[in-house]
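User: I have a structure open and would like to go through it step by step. Could we start with the overall layout?

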Amino acid sequence: MPSKDFDTITTQPAGRADECCLTIPPTDWYSSLAAAGLRNPDVHGPARYWLQVEGSFTRALQHQCLHSFHVEVQGEGFAVPTLEEARHLNIPARQRAWIREVRLCGDGVPWVLARTIIPLACLEGRGRRLRHLGNRPLGAYLFSSPDWQRGPLETGLCNRSLDGQPEVARRSLFHHNDRALLVGEYFLPGLYR
Ligand SMILES: C=C(O[C@@H]1C=C(C(=O)O)C=C[C@H]1O)C(=O)O
């Protein structure tokens, strides 16, 4: 399970009561949409477009908004990634990383929960800025810099999904030379229903 045990944590005031319990669920990851579709054909439904968006996801969400887009930081700080995340990033198990969890909201409604794992090596030099994004979207940083290249998109099927919680997700590594960070985006039903 994604860790809530941040050493330092920045929290936002709670949203509406029905939004207070949105959490990032344990997720099974597949190397392609087609592979995930064999297990759950729902990925070929209305969420499909969002699972495949190329370029900045923030930008695509902004286009979908009628009025406004904003990022709400749920927590960020140094914490230990899950074992699976550490393996995926090829960093030592139990090594702390900067972990950022946010809600991406369109027209005031949470559309996406995002969890980003930023290993220590990515925080050096210009990467220092990654600790000070606050409510500015990470995508604006990653896509304004030619340094960062996105790897292939994986498709996620969320486990033990309850009503209103994410059911599908996507994630990818972003590479800068030999450094990489991991961005996961978990779709809330408000995005595509
Ligand atoms: C990676 C991007 O950044 C978005 C913004 C995030 C943030 O601010 O933490 C997290 C995930 C994203 O969807 C993007 O826009 O593509």
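This is a predicted model: local features need pLDDT of at least 70, side-chain atom pairs count only at pLDDT 80 or more; totals for chains, interfaces and linings use all residues.

User: How many helices and strands does the protein chain have?

Analyst: The secondary structure of the protein chain amounts to six helices and eight strands.

User: And what share of the residues counts as buried?

Analyst: The protein chain has 193 residues, and 51% of them count as buried.

User: Now the ligand. Which residues come nearest to it?

Analyst: There are 13 residues around the ligand, and the nearest are Phe57, Thr58, Arg100, Leu138 and Glu185.

User: What classes do the residues of that shell fall into?

Analyst: The shell around the ligand has eight nonpolar residues, three polar ones and two charged ones.

User: Which polar atoms lie by the oxygen atoms of the ligand?

Analyst: Thr58 places a polar side-chain atom 2.5 Å from an oxygen atom of the ligand. For Arg100, a polar side-chain atom lies 2.7 Å from a ligand oxygen atom. Gly139 takes part through its backbone: an N or O atom there is 3.0 Å from an oxygen atom of the ligand.

User: How much of the ligand does the protein bury?

Analyst: The protein buries 100% of the 380 Å² that the ligand exposes when taken alone. The space that the ligand takes is the largest cavity.

User: Which elements give two or more residues to the shell?

Analyst: These are helix H3 (57–64), strand S3 (97–106), helix H5 (138–144) and strand S8 (179–187).

Methods: Residues are numbered from 1 along each chain as its sequence is written. Side-chain values use heavy atoms; hydrogens and water are left out. A residue is near a molecule or strand if one of its heavy atoms lies within 4 Å of it. A polar contact is a pair of N or O atoms within 3.5 Å; within protein, one must be able to donate a hydrogen and the other to accept it, and residues adjacent in sequence count only if both atoms are side-chain atoms. Accessible areas come from the Shrake-Rupley method with a 1.4 Å probe; for residues, only the protein chains shown count as cover. On a 1 Å grid over the protein atoms alone, a cavity is a set of points where a 1.4 Å probe fits but cannot get out, and a pocket is an open set with protein on both sides within 12 Å along at least five of seven lines; lining residues have an atom within 4 Å of a point. A molecule sits in a cavity or pocket if more than half of its atoms lie within 2 Å of its grid points. Helices (H or I, at least four residues) and strands (E, at least two) are DSSP runs, numbered from the N terminus. Ala, Val, Leu, Ile, Met, Phe, Trp, Tyr, Cys and Pro count as nonpolar, Asp, Glu, Lys and Arg as charged, and the others, Gly among them, as polar. Buried means under 20% relative accessible area, exposed over 50%, partly exposed in between (1.4 Å probe, protein chains only).
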